Structure formats: structure tokens, C-alpha cells
Amino acid sequence: MARLGRLTRELQRRHLYRVAVVYGAVAFVLWQAAEIVVPALRLPDWVLTLVVVATLAGFPVALLLAWVFDVRVPWLRRSEVVGRARDRRSVAVLPFANLSADPENEYFSDGVTEDIITRLCKIPGLKVISRHSVMQYKAKAQNLREIGRDLGVATILEGSVRRAGDRVRITAQLANAKTDEHIWAETYERELTDIFAIQSDVAIRIADALKATLSPAVRARIEKQPTANLDAHNSYLLGTFYWNKRTEEGFRIGLQHLEEAIAKDSSYALAHVGVADCYNLLPFYGVAHPGQAHPKAKAAALKALELDDTLAEAHTSLAFVETWYDWDWSVAEAEFKRALELNPGYARTHHWYAWYHTIRGEMDEAVARVARARELDPLSLIINTDVGDLFYYSRRYDEALEQQLKAVGMDPSFWPAHVNLGRVYVQNGMFREAIESFQRAIALSGEHPSGVGMLGYAYAVIGMKSEAAAALDKLEELAARVNVPSYLRAIVCVGLGDMDEAFAWLEKAHAERDSAWLVYYLKADPWADSLRGDGRFKDLLERMGLS
């Protein structure tokens, strides 16, 4: 049975079913046409026989080609994941060059880039590429036509920042991505206190150039000054610069600067959002336990909304906590929807909302939502990896495999892509490849628990029980220095067939609010299929509001 299952999955991966269906349909059409044309042209009967025999003989040849050369039928593939079609009202803001004498001012030029992106995202009908994708082009030779094609935008904004004492000089040029022709350009030489006015003016000028409609309410949101304290803003930019590195040290230094920003201006709502997002992500990177981090994230998000309830970023941060920790699904969805009303171009909202749908088992909505996130942030490694992950949860393993291989190709050092690729390999019965992927993830991540847990599961499924037990021991060892979700131990126990022990770990995960993993997979993940008929599993889903 196992061999039959692996054969079936391999047939799916190589697209033989699709080729067979298409070939049969085309053959049927040819037969019908031959029955009409042969008598009409008074051709001999053997011509009709030849057509039938030729199409029947070609059938095994077509299947053989599909197997050997992985033939595809592109126009039959699902279309949820968006390509790189260009929208006329679309723009990518490339990283502004730091021309200051002090190279340490790089964080400031990055901050100018991000602030302009944030303001542009508030304009309805304007597609704006997110920070993570444009930062891929930092300090690189610019070919606007290639960048426009890769990001799927019609226009590109370039610029530079020179900061000297209390003065700042900012240049900005908007160009047509297809022709390199300049559409608009401006140079600003002002006092540093005018930095927010400059960034607002750039956003409004771009909107005018692209003929985007600005209502008074939208214009007011673009022109809104986040803080009157430039020292606080400087600390905020430093905090954002560091936490976006997504390392343990980056989170620590980033939080430090964000707390300094709040100390300098307690009414700085965006600084509170930055604190919330840091604490929201710490459990996913093994830096903190959910019970330690998420309550702090919620407090910061609520404070930000108390100060400014028009911030889409704050609504998104709160929705994240409600999804991953509080499990309050109605509040989470309301916050996601409000965030999109305020800023439909905020990629992080679409990305995190896709996971909300996944947790709820709403896979069509999840795939469509993550497709929109990728459209807005096409070079984001985590979003591209999650596109494949959501195909995996949808049981679309051929598409999942193709996408995860693309994600690995984007950056072979990005370890989460190797974990997710390994999980697809497991479902395809490709255990040697799965084990290699998990081992690569472990090496690249410095022994992140997720790679260790999934490696243990793979060993368990193929009967390598001593190796699976060694993985459980390794998780126990790691727990002394990093957060190791109980859920990972449950996965290994399922692979070993020890369902009682698996449920014991799942109950522990539930008690600990081990949300970074428990809700992440429970309803949709294929590995849990062997548990779904158990009353204990149904009871667990019911207690989490997921039944």
C-alpha cells in the first residue's frame, strides 16, 4: 500500500493525470472531426481507421514523455498565484542611497524609503511594492526595465538622502519602468524638522503623476505627522532597521531603540506598533515563549490603537495576537478587515490574514490572500515560502513542490524554505530528499527546533525509530536554551504511532498557549490526518473554536 501511495503521488507530481485528460479530450475532438471530414471529402474508410489508431498509439508515448521530461500543461494550472502583470498605477520605491558623510546614517535613508512606501500604500487603487522586496536592490547596479519586469510595476522611484547636522537634502526621480523616461523629479533641501513634509510631498506628487484620486481623508492620512519629536523618530528608525534583520540580536537591539522612542514620545503610535510586531514574532524565531511575548504584543498594539485607530499597522498587529494567542477568531477577522479598509496595499496584512484562513481551514481564501501578499511583496522570501506552504495545506503537492523549489532557489541559505520543502517531500513519499532538506535546515538555522522535529517525524514514518528517538532527545536538549514548542514533540510521536503520547504533548501545547505551532497546523496539516477520527482531537479543536 505504501508503494502504491508513493506511485500515486509521483504520478500527480509529474502531471500524468493532466496530460492524460488533455490528450483524451484532444483525441475525442479529432475523432469527431474525422467522422465528418472523411465522408465529406470522399476519402477512403481506412483514413478514419488511421486517425483512430494513430491517436491510440500516441497515448502511451504522451504519458512516457510526461514521465521522463515532466511535460506540463500550463494553461490547465490553477491561477490563484498572481504573476508579474504590470498595473499602470503601480510603483516600486527603490532604497534611497545614503550620501551622508557618515555611513552610519544608512538607517535614516532606509527610514525615508520605508516612510514613503507607507504613505503611498494609503492611496486606494495604487499598487505599491513592499519594503522587503525593494530592499533586495540596495547598493546594486540598477536596470530599471529588469526591476520593473521582476516586480510587475509600471513606474520606479529612485532617490538619495544626504544628512548633515540639522539639514537634509533629498532627491527623488520617478521613471517609467519600460522606457527609463523620467516622469517627475524633485530636489528638497530643508531643515531636518521638515522630513515628514518632504515624504508626504513625494507621495502626493507620485499620486498626481499616476493620476490616482486622493480624497480629503486619504490626503490627510498621507500628510499626518507621526511624531513631533525628531529624537523619538530617530530612535524609531533605528529600531525598525534592527528588528527587520529578524535575528535574536536584531530583535533585542530593535526593541531597545523602540522603547527609547516611546520614552521620548509616549504618544508615538508607530513606535508602539514596532514593539508589538517584535513581540509577535519572537516565539516564531525561538527567542521567547508565547506566554511571555504575546501579552506584551497585545498591550503595545492596543496602546497604538488608543493613540491612533486609523493605523492599519496597529490593527494588523492586534489581529496577529488574536489569531495566534487569544484564538478569538471573530475579533481577529474584524481587525484584519479594518486594516485592509485603511490600507489595502499593506502586504503584511494580506500575508497574516492568509494564515488566519489556513488555521480556520479556509484554504481557497488563504491561497488567494497569500497570492495578493506576494503581488505586493514579490521578492519576500517568507511570503514565497508560504505560498508553497499553503499549496501544501491545500493538498496540492505538485504546486507546493514547484513553489518550494523556487523559494529555495531564491536564497539557498533561507532555512525555513528547506523545512517546508522537506514536508512536501514527505507527502510525496520522497523520504531521502525530505531527510536531506531537514538536515540542511538544521545546519543553516543553528539547530532550530522546527527542523529537528520534522526530521524526527520523517525518521519515524519510515521506521527509523532510534533516529526518531534521538530527535526527541535533541528537542529536550534544545529546550534548555531556546523555546521548543510541545507541538513538535507531538508530531514525532504521531510518526512513531504513539498516539497517547502525542495527545499528551498536544494538551501541553494547548495549556501553554503554544500558538506558534498548535493553531499553525492543527486543522489543515496532512500529518494530523491520522488523528482526525479520534474523539480527543475533535475535543481539542472544539476547545480552540476550530470545530
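Which residues in α24 meet which residues in α26? Select both helices, α24 (residues 499-511) and α26 (residues 535-543). From α24 come Met499, Asp500, Phe503, Leu506, Glu507 and His510; from α26 come Arg536, Phe537, Leu540 and Arg543. Contact means heavy atoms within 4.5 Å. Helices are DSSP runs (H or I, at least four residues), numbered from the N terminus.

This is a predicted model: local features need pLDDT of at least 70, side-chain atom pairs count only at pLDDT 80 or more, and totals for chains, interfaces and linings use all residues. Residues are numbered from 1 along each chain as its sequence is written, and side-chain values use heavy atoms, with hydrogens and water left out.

Now draw the axes, which are lines fitted to C-alpha atoms over the stretch in contact, with angles from 0 to 180 degrees between N-to-C directions. The angle is about 10° and the axes are 11 Å apart. That makes α24 roughly parallel to α26 (angles under 35 degrees).

Next, stay on α24. Its buried residues (under 20% relative accessible area, 1.4 Å probe, protein chains only) are Ala502, Phe503, Trp505, Leu506, Ala509 and His510. Look down the axis: these residues fall within an arc of 160°, so they line one face of the helix. The arc is taken from directions between the helix axis and the C-beta atoms. On the face turned away, pick the exposed Asp500 and Ala511 (exposed is over 50%).

Step past the helix to Arg513. Its phi is positive, near 60°.

Last, jump to Gln142, in the loop between α5 (131-134) and α6 (144-151). Gln142 touches Leu94, Tyr137, Ile147 and Glu158, not counting residues up to four places away in sequence.

Notes
Helix = DSSP H or I, 4+ residues; strand = E, 2+ residues; numbered from the N terminus. Parallel < 35°, antiparallel > 145°, perpendicular 65-115°, else oblique.
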